[in-house]
Amino acid sequence: MDQRTLTNRIARNLDLDAKDVTTLGDAMADIFQEVLADCDAVAIPGFGTLSGVKTDEHEAVAADGSKVLMPPSISVVFEPGSRLRKEALQRL
């Protein structure tokens, strides 16, 4: 599902204007970015939890055997909630 389809579906379900839903989605994305960049978590009941996980600077071995210094990074990890897992399993 692309962003336009998602926006229109949310707007229809909540009886809102698509422009308002887009504004809300943009605000949520900004907040998620801030929270996850701080290595914190966002829990969405019935859906799951997004967590920012920091990996420190470390050495890695390249394909040619040389050592490469990898910069620190932040990854996003998603842990689906029980309701989402149950719903997904029922559709298999």
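Analyst: A residue counts as buried under 20% relative accessible area, as exposed over 50%, and as partly exposed in between. Please keep in mind that this is a predicted model.

User: Is isoleucine 44 buried, partly exposed or exposed?

Analyst: Isoleucine 44 belongs to strand β1, which covers residues 41-44. Its relative accessible area is 31%, and because buried requires a value under 20% and exposed a value over 50%, the class that remains for isoleucine 44 is partly exposed.

User: How far apart in space are isoleucine 44 and alanine 11, C-alpha to C-alpha?

Analyst: In sequence, isoleucine 44 and alanine 11 are separated by 33 residues. In space, the C-alpha to C-alpha distance between isoleucine 44 and alanine 11 is 19 Å.

User: Which residue with a positive phi follows α1?

Analyst: The residue in question lies in the loop between α1 (3-14) and α2 (18-37), and it is exposed, with a relative accessible area of 70%. Its phi is about 55° although it is not a glycine, and the residue that follows α1 in this way is aspartate 15.

User: Which residue with a positive phi follows α2?

Analyst: Here the loop is the one between α2 and β1, and the residue counts as partly exposed at 33% relative accessibility. Its phi is about 60° although it is not a glycine, and the residue that follows α2 is cysteine 39.

User: At the start of α2, how close does a side-chain oxygen of aspartate 17 come to the backbone nitrogen of lysine 19?

Analyst: A polar contact is a pair of N or O atoms within 3.5 Å. At the start of α2, the side-chain oxygen of aspartate 17 reaches the backbone nitrogen of lysine 19 to within 3.0 Å.

User: Which residues does threonine 7 touch, leaving out those up to four places away in sequence?

Analyst: Threonine 7 sits in helix α1 and counts as buried, because its relative accessibility is 12%, which is under the 20% limit. With residues up to four places away in sequence not counted, the residues that threonine 7 touches are Ala18, Val21 and Thr22.

User: What is the area of the nonpolar surface patch that includes Ile10?

Analyst: Isoleucine 10 is part of helix α1, and at 32% relative accessibility it counts as partly exposed; patches are made of residues with over 30%, so isoleucine 10 passes that limit. The patch is made by Met1, Leu6, Ile10, Leu14 and Leu16, and its area is about 480 Å².

User: How many salt bridges does the structure hold?

Analyst: Lysine 67 pairs with glutamate 59, their closest N and O atoms being 3.8 Å apart, and both of these residues are exposed. Glutamate 79 pairs with arginine 85 at 3.6 Å, where glutamate 79 is partly exposed at 48% and arginine 85 is partly exposed at 39%. Arginine 91, exposed at 68%, pairs at 3.1 Å with glutamate 87, which is partly exposed at 36%. The number of salt bridges in the structure is 3.

Technical notes: Residues numbered from 1 in each chain as written. Predicted model: local features only at pLDDT ≥ 70, side-chain atom pairs only at ≥ 80, totals over all residues. Heavy atoms only, no water. Helix = DSSP H or I, 4+ residues; strand = E, 2+ residues; numbered from the N terminus. Buried < 20%, exposed > 50% of the residue type's maximum accessible area, 1.4 Å probe, protein only. Contact = heavy atoms within 4.5 Å. Polar contact = N/O pair within 3.5 Å; in protein donor to acceptor, adjacent residues only side chain to side chain. Patch = residues over 30% accessible without salt bridge, like charges linked within 9 Å, V, L, I, M, F, W, Y side chains within 5 Å. Areas by Shrake-Rupley, 256 points an atom, 1.4 Å probe, with all protein chains shown as cover. Salt bridge = Lys/Arg side-chain N within 4 Å of Asp/Glu carboxyl O.
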